[in-house]
Amino acid sequence: MLLGCIADDFTGATDLANTLVRQGMSTVVLLGVPRGSVPEADAVIVALKSRSISAAEAIKLSLAALDWLKRGGARQYYFKYCSTFDSIDAGNIGPVAEALLTALGEQFTIACPAFPTNKRTIYQGNLFVGDQLLSESSMRHHPLNPMTDSSLVRVLQRQAQGKVGLIPFNVVEKGAAAIRGEMEKLAAGGIRHAIVDAITDQHLLAIGTACADMKLLTGGSGLALGLPENFRRTGVLKTAQANTPPRIGGHAVVLAGSCSAATLKQVAAMQQQCESFALDALTLARDKGAVQQAMQWAQPRLGAKPILIYSTAAPEQIAQVQAALGREQAGAIVEQALGEIAKSLVAHGARRLVVAGGETSGAVVTALGIDGLRVGAEIDPGVPWTASLGDDPLALALKSGNFGGDDFFLKAFKELATERG
């Protein structure tokens, strides 16, 4: 293993894996802290469900993952979080990054969630989503981690004990040597975390080159663009093309738990062509038979044409549900329901599943007892098809709520059919 990675949610793990595979690194995603031996791969990603839990629990899980990766002999470590820096003032990005630094005996790292291909860029320390500041984008309405401050220096400083600095655009534009020099200057001045500006993939490649000797990096999937070439330059990475997951047929299902603006559009687009069933958190909370009703609706409709089961709703509806049930309880009810539904549908022949939302994806793969994934073809930037490890694999596309075009759900199954030939 060359690169050992820890992702704070499952969709983020497959997003990172997609980047590494496209750059020629064989990559395996393991779900939850592994207990077994290290698989044969250039990069191993441990996917945790640690983004929205307590900071103390997130640190515990992340350090356990780090210990396992260290035993596997990783040469470099990577803490992956969302390209929109999803977090609250209590964490978990800052506390986990500092715990990993301490465990590795390191004093300095960078933080760069930029992903220009998906219109996430950083300028003067401010995160933009398209042409909007993060605080003015739909992320300000996120049901679990509303992002109302665009300054990543301020956001991370509220979470971290160490000082947070900035490597600005004018330095990044000068290339890897200038970036490396600025990192050394900041570290010497007592800075523990440095936000790094990036508005193009070329910036990310330069940042990656500058970080060749850094023990721990933190960022979104885009930052990983430049890392494989570092290993290739030293002669330790020789993989030309990553392994292709097996071809998988069977019934097709979309399970959408995300309430992002992108997923709202994707649900609406799919409803024009496919049958759908809406889940309501309030109904799930008061009616123990609501999950069974969804299963009974879905089972006779299973087939080659995908069906959609969703809890996606507009921000004002989410606010009403959270006011009645509480933020955490509302999310947990929906996640549990979608996990139970997924398990039932797989038992009835569903083999190809698209899941929208990081928390939802974690609930679904946990309910299905999946412990690892191999990465296949990219559907849209940041979202690949994957195949579960084992003798009877499932095809899974785990989509961050904010990723994908309006036609993503139907496009995913078309892409899979094309890949199968």
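This is a predicted model: local features need pLDDT of at least 70, side-chain atom pairs count only at pLDDT 80 or more; totals for chains, interfaces and linings use all residues.
Residues are numbered from 1 along each chain as its sequence is written, and side-chain values use heavy atoms, with hydrogens and water left out. Local features need pLDDT of at least 70 and side-chain atom pairs count only at pLDDT 80 or more, while totals for chains, interfaces and linings use all residues.

**Exercise 1.** Determine how the rings of Tyr123 and Phe169 are arranged, and which elements they join.

Solution. Rings of Phe, Tyr and Trp (its six-membered ring) pair if their centres lie within 6.5 Å; planes under 30 degrees apart count as stacked, over 60 as edge-to-face and the rest as tilted. Over the whole structure, seven aromatic pairs are found. For Tyr123 and Phe169 the centres are 5.6 Å apart and the planes stand at 65°, so this pair is edge-to-face. Next, Tyr123 belongs to strand 6 (residues 120-123) and Phe169 to helix 5 (residues 169-172), so the pair ties together parts 46 residues apart in sequence. Here helices (H or I, at least four residues) and strands (E, at least two) are DSSP runs, numbered from the N terminus.

**Exercise 2.** Classify the pair of Phe408 and Phe409, and state whether each residue is buried or exposed.

Solution. The ring centres of Phe408 and Phe409 are 6.2 Å apart with planes at 75°, so the pair is edge-to-face. Buried means under 20% relative accessible area, exposed over 50%, and partly exposed in between (1.4 Å probe, protein chains only). Phe408, at 0%, is buried, and Phe409, at 1%, is buried.

**Exercise 3.** Describe the largest nonpolar core and the contacts of Ile309.

Solution. A nonpolar core is a set of buried Ala, Val, Leu, Ile, Met, Phe, Trp, Tyr and Cys residues joined through side-chain atoms within 4.5 Å. The largest has 119 residues, and Ile110, Ile207 and Ile309 have the most contacts inside it. Helix 13 (residues 327-347) supplies the largest share of this core, nine residues. Leaving aside neighbours within four places in sequence, Ile309 is in contact (heavy atoms within 4.5 Å) with residues including Phe277, Trp297 and Leu338.
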